[in-house]
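Morning, everyone. I have one structure to walk you through today.

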Amino acid sequence: MSRRWIAPLVVACALAAPASASAHARNATVALDYRVELDRPAPGVSVAVLDGDRDLRVRVRGGTLVLRGDLDEPMVRIGPRGAWANRASTTAVAERLVSPGHGWRRLSHRPELVWHEHRLSPPPYADSPTGRVARFVIPGELDGRKVTLSGSFVRVRRPSPWPWLAAAAAAAAAVAGLLLLRPRLRQTAAVLLGAGAGAAALAAFVSFTTADATTGRVAWGQIAVAALFAAGLAAAFVRLRGARRSHLAGVVGAGAAALTLGSLGVFRHGVVVSSLPAPGARALCALALVAGVAALATSFAVKEART
């Protein structure tokens with residue numbers, strides 16, 4: 001692990017980094033300008049909004065629920081025997097639940113269904129104030145009784161990026177000043193910065209992955225892979241010594257910073273889709289980015305040991 005490997009590995013990390021979204025793409029949403037507040041559903045029905053704003057999960061604990069589409073046609077049916085979608089429903093076809101045809105197609109053997117519901121998309125709100133800006137209503141029947149799944153779109157004020165930029169600049173200046181005054185600390189600083197950046201990036205990844213997954217279930221497989229990868233890097237840190245350990249720290253820091261680039265939307269939008277509070281998620285992303293870049297820069301300043 002020498003400096004000549006750092007640049008190729010940084011490029012590989014940047015290319016491998018998944019692109020998180022802050023709008024309506026089908027990638028994982030990490031930040032939004034609004035949140036959806038659901039009204040209390042009918043007894044025996046539970047409703048949740050997943051992945052920020054795009055997916056709806058409906059569970060029925062008794063009876064049969066039929067939800068209607070844009071043309072007031074029966075769209076989905078959820079009951080004790082499972083969940084079905086109407087192939088003759090224009091809305092069900094548009095939501096890609098089924099292909100056009102006739103009859104009902106079973107989508108699940110459980111009394112629940114998760115799907116991308118376009119009625120959860122708010123109207124344009126570029127010039128609207130903060131607070132409740134619109135409502136949505138999905139009509140239906142529960143055992144023949146009319147019910148609705150409804151809620152409100154609440155726009156949240158965007159945070160100011162200046163405090164985060166000022167804190168990042170101050171931290172970078174402090175690290176640079178310390179390393180210029182104490183060159184002997186460069187190896188130790190590179191290792192600490194790289195390890196800190198990697199730990200922050202892993203924690204941020206877990207917080208985003210465990211929050212509102214589109215399937216309605218936590219992607220424990222992805223978390224396990226990330227944890228195993230982190231354990232492998234930790235073992236490499238223990239085995240390597242001197243400049244090689246510092247250069248590995250630079251690679252880890254670069255990878256952490258590259259992975260965090262896809263989550264920069266947390267600094268531009270008021271709602272953060274994370275299992276942590278918004279300030280905590282932002283702090284992890286800021287630490288991964290700043291410490292990662294600092295670790296990379298410091299690792300270049302560490303000289304190879306002569307053999």
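Start with Val156. Leave aside the neighbours within four places in sequence, and Val156 is in contact with Asp33, Tyr34, Arg35, Thr130, Gly270 and Val271. Val156 itself is found in the loop between strand 11 and helix 3. Take Tyr34 from that list. Val156 and Tyr34 are 122 residues apart in sequence, yet their C-alpha atoms are 5.2 Å apart in space.

A word of caution before we go on: this is a predicted model.

Now the overall picture. The protein has seven helices and twelve strands. It has 307 residues, and 42% of them count as buried. Next, take the contacts between residues at least 6 apart in sequence: 62% of these join residues at least 24 apart. The protein exposes about 16,300 Å², and carbon and sulfur atoms supply 62% of that area.

On to the inside. In soluble globular proteins, nonpolar side chains tend to be buried together. Here, the largest nonpolar core has 28 residues. Which residues have the most contacts inside it? They are Leu56, Val58, Leu65, Leu67, Val76 and Trp115. Strand 10, residues 131-142, gives the most to this core, with four residues. There is also a second, separate core of 21 residues, and Val266, Val272, Ala278 and Ala295 are among them.

Let's zoom in on Val58. Beyond four places in sequence, Val58 touches several residues, including Leu65, Leu67 and Trp115.

Next, the aromatic rings. How many aromatic pairs are there? The count comes to three. Look at Phe136 and Phe153. Their ring centres are 5.7 Å apart and their planes are at 50°, so the pair is tilted. Phe136 is in strand 10 and Phe153 is in strand 11, 17 residues apart, and the pair links distant parts of the chain. Are these two buried or exposed? Both Phe136 and Phe153 are buried.

Another pair is Trp164 with Phe267. This one is edge-to-face, with 5.6 Å centre to centre and 65° between the planes. Trp164 lies in helix 3, while Phe267 lies in the loop between helix 6 and strand 12, so the pair ties together parts that are 103 residues apart in sequence. Trp164 has a relative accessible area of 27%, so Trp164 is partly exposed. Phe267 has 15%, so Phe267 is buried.

Ring pairs link Tyr34, Phe136 and Phe153 into a cluster.

Now a charge with two rings. Arg77 lies over the face of Trp84, at 4.8 Å from the ring centre. The charged end of Arg77 also sits over the ring of Trp104, 4.5 Å from the centre of that ring.

Last stop, helix 4. It covers residues 186-209, which makes 24 residues. From first C-alpha to last it reaches 34 Å, close to the 34 Å expected at 1.5 Å a residue. Its buried residues include Ala190, Leu193, Gly194, Ala197, Ala200, Ala201, Ala204 and Phe208. An α-helix has 3.6 residues a turn, so residues three or four places apart point the same way. What do the buried residues of helix 4 pack against? Helix 3, helix 5, helix 6, strand 12 and helix 7.

Note on methods:
Residues numbered from 1 in each chain as written. Predicted model: local features only at pLDDT ≥ 70, side-chain atom pairs only at ≥ 80, totals over all residues. Heavy atoms only, no water. Helix = DSSP H or I, 4+ residues; strand = E, 2+ residues; numbered from the N terminus. Buried < 20%, exposed > 50% of the residue type's maximum accessible area, 1.4 Å probe, protein only. Contact = heavy atoms within 4.5 Å. Areas by Shrake-Rupley, 256 points an atom, 1.4 Å probe, with all protein chains shown as cover. Core = buried A, V, L, I, M, F, W, Y, C linked by side-chain atoms within 4.5 Å. Phe/Tyr/Trp six-rings, centres within 6.5 Å; stacked < 30°, edge-to-face > 60°. Lys NZ or Arg CZ within 6 Å of the ring centre and 35° of its normal. Expected span 1.5 Å × (residues − 1).
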